[in-house]
Amino acid sequence: MSMLTIQPSGQTIDVPAGTTLLAAILQSGVSLGHKCDGKAECGSCHLYVLEGRKSLSRTQREENNKLDTIVGVSSKSRLACQAKIGDEPVTIELLSFV
Ligand code: FES
């Protein structure tokens, strides 16, 4: 179990390890784009990880390939549908509200 903090609202939720950021965010009632339903194809779930990056699952090739096509990508970028939460607290920043 880990704690996820969602910025800019500051909402915090407890999340079981192994849950994707996308699933955790949607379960908390917050909207986040996910047009391809978690296949790393659309990029609409792009967000920034502010803290706890090392607690997340490693970035795989499909995610890296998609991130390479997105404007505004930084070293903090992840696709919420690909990043799974581990055991350490994580803080993310949503880049837009749907
Ligand atoms: S939901 Fe499409 S890339 Fe994450």
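Which residue in β2 stands opposite L4?

Modeller: L4 stands opposite I13 in β2. The model is predicted, so local features need pLDDT of at least 70 and side-chain atom pairs count only at pLDDT 80 or more, whereas totals for chains, interfaces and linings use all residues. Residues are numbered from 1 along each chain as its sequence is written.

β1 and β2 (residues 11-15) run antiparallel and are joined by 5 bridges; strands pair if DSSP finds at least two bridges between them. Between the two strands of this hairpin lie 3 residues, and G10 takes a positive phi near 85 degrees.

Helices (H or I, at least four residues) and strands (E, at least two) are DSSP runs, numbered from the N terminus. α1 gives the most to this core, with 4 residues. The core has 20 residues, and L21 and A80 have the most contacts inside it. Such a core is a set of buried Ala, Val, Leu, Ile, Met, Phe, Trp, Tyr and Cys residues joined through C-beta atoms within 7 Å; a residue is buried if 20 or more other C-beta atoms lie within 10 Å of its own, with C-beta atoms placed from the backbone.

Not counting residues up to four places away in sequence, A80 touches T20, L21, L22, I25, L32, C45 and L47, a contact being two C-beta atoms, placed from the backbone, within 7 Å. The protein chain as a whole follows the pattern β-β-α-β-α-β-β.

Methods
A residue is buried if 20 or more other C-beta atoms lie within 10 Å of its own, exposed if 12 or fewer, and partly exposed in between; C-beta atoms are placed from the backbone.
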